[in-house]
Amino acid sequence: MSEWQGKTALVTGASFGIGEAFARRLAAEGANVIVTARSQDRLAALAEELRARHGVKVSVVVADLAEDSGPETILRATEGSGQPVDLLINNAGFGVVGDFADLPLAKQQLMIQVNVTALVTLSHLFLQPMLQRRSGAIVHVSSTAAFQGVPYMAAYAATKAFILNFSEGLWAECAAHGVRIQALCPGATATNFQQVAGTAPLRDHSKMQTPEEVVAASLQGLAQNQSVVVSGLANQAMVFAERFVPRQFVTRAAARLYQPFSTRTNAAK
Ligand SMILES: NC(=O)c1ccc[n+]([C@@H]2O[C@H](COP(=O)([O-])OP(=O)(O)OC[C@H]3O[C@@H](n4cnc5c(N)ncnc54)[C@H](OP(=O)(O)O)[C@@H]3O)[C@@H](O)[C@H]2O)c1
């Protein structure tokens, strides 16, 4: 029997990709699920399907995490309405590609708001009741981009490095109090991410992990209270090997990969 059967899981960014896969997997394991994102129609359709297929409770909370009020809206509709959350999947996020200096600052600030500020706020809001109950778990979706600077996705990679570092600190803080924290670090995964970030021309979905594989690695890691889960053997090997190579070498290799998205460098050629 799954440890999540009969428990309540809240998944942010559940309308697509990795978040949707978390919602589907947890509902299949018998968890009641709260799905949140901006796309109301997709969330409503997902909720209806999961209720019919698995007989679990599924609630929809529409919230924009780029708005300061987003996390509070989610809290009010869940813990605040007497629905305790046992598992929080802090997954919503997006990336942007291009030269940092040329990308609109507002877009990058919005990304920092969703990827970092909203994630930290949600963690703070939901961790307190978990600590009081001395049970619960939070998964923060980071990325393999967290392990090195990524030229032309510099601000995105920095948001993910923040999440990794933040999660590791919280993991140790909370371990003695019955709450598990995980930084989930997927590599390239076949979702809408590439389309939204603008990296789609570089990335072949057929060579990527599936969101279902990423979710399976996360839940397995959670069962073992792993603070950091890098999904997929190739990604694990890459992250491991990077420890033995000078950081500038790794950063230059990443630069070669993303340079096609540099309008500035390509214009200068
Ligand atoms: N796919 C990859 O290669 C990859 C690799 C490493 C890490 N990740 C991370 O995995 C997480 C999930 O991404 P994904 O790959 O599943 O991408 P995705 O398919 O584009 O899904 C992103 C999810 O985030 C939600 N979201 C975006 N902006 C939001 C906002 N302002 N307010 C509320 N929700 C918002 C989207 O919902 P709405 O548009 O409906 O709001 C959607 O459900 C992200 O944190 C991403 O950084 C992805």
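Biologist: Is strand S5, residues 136–141, buried or exposed?
Modeller: Six of its six residues are buried, so S5 is largely enclosed by the rest of the structure. Buried means 20 or more other C-beta atoms within 10 Å of the residue's own, exposed means 12 or fewer, and partly exposed lies in between, with C-beta atoms placed from the backbone. Strands are DSSP runs of E, at least two residues, and helices are runs of H or I, at least four, numbered from the N terminus.

Biologist: What am I looking at, and how is it numbered?
Modeller: This is a predicted model: local features need pLDDT of at least 70, side-chain atom pairs count only at pLDDT 80 or more, and totals for chains, interfaces and linings use all residues. Residues are numbered from 1 along each chain as its sequence is written.

Biologist: Back to S5. Which residues point which way?
Modeller: Gly 136, Ile 138 and His 140 point one way. Ala 137, Val 139 and Val 141 point the other way. All are buried.

Biologist: How many bridges join S4 to S5?
Modeller: Four, and the strands run parallel. S4 covers residues 87–90. Pairing takes at least two DSSP bridges between two strands. Ile 89 stands opposite Val 139 in S5.

Biologist: What does Val 11 touch, leaving aside its neighbours within four places in sequence?
Modeller: Its contacts include that Ile 89, plus Gly 19, Phe 22, Ala 23, Val 33, Val 35 and Asn 91. Contact means C-beta atoms, placed from the backbone, within 7 Å.

Biologist: Which residues touch the most other members in the largest nonpolar core?
Modeller: Ala 9, Val 11, Ala 23, Val 33 and Val 35, out of 70 residues. Helix H4, residues 105–133, gives the most to this core, with seven. A nonpolar core is a set of buried Ala, Val, Leu, Ile, Met, Phe, Trp, Tyr and Cys residues joined through C-beta atoms within 7 Å.

Biologist: New topic. How many residues surround the ligand?
Modeller: 28, and the closest are Gly 13, Gly 17, Arg 38, Ser 39 and Gly 93.

Biologist: Last one. Where is Pro 201?
Modeller: In the loop between helix H6 (193–197) and helix H7 (211–223). Pro 201 is exposed, with 9 other C-beta atoms within 10 Å.

Key:
A residue is near a molecule or strand if its C-beta atom, placed from the backbone, lies within 6 Å of it. Two residues are in contact if their C-beta atoms, placed from the backbone, lie within 7 Å.
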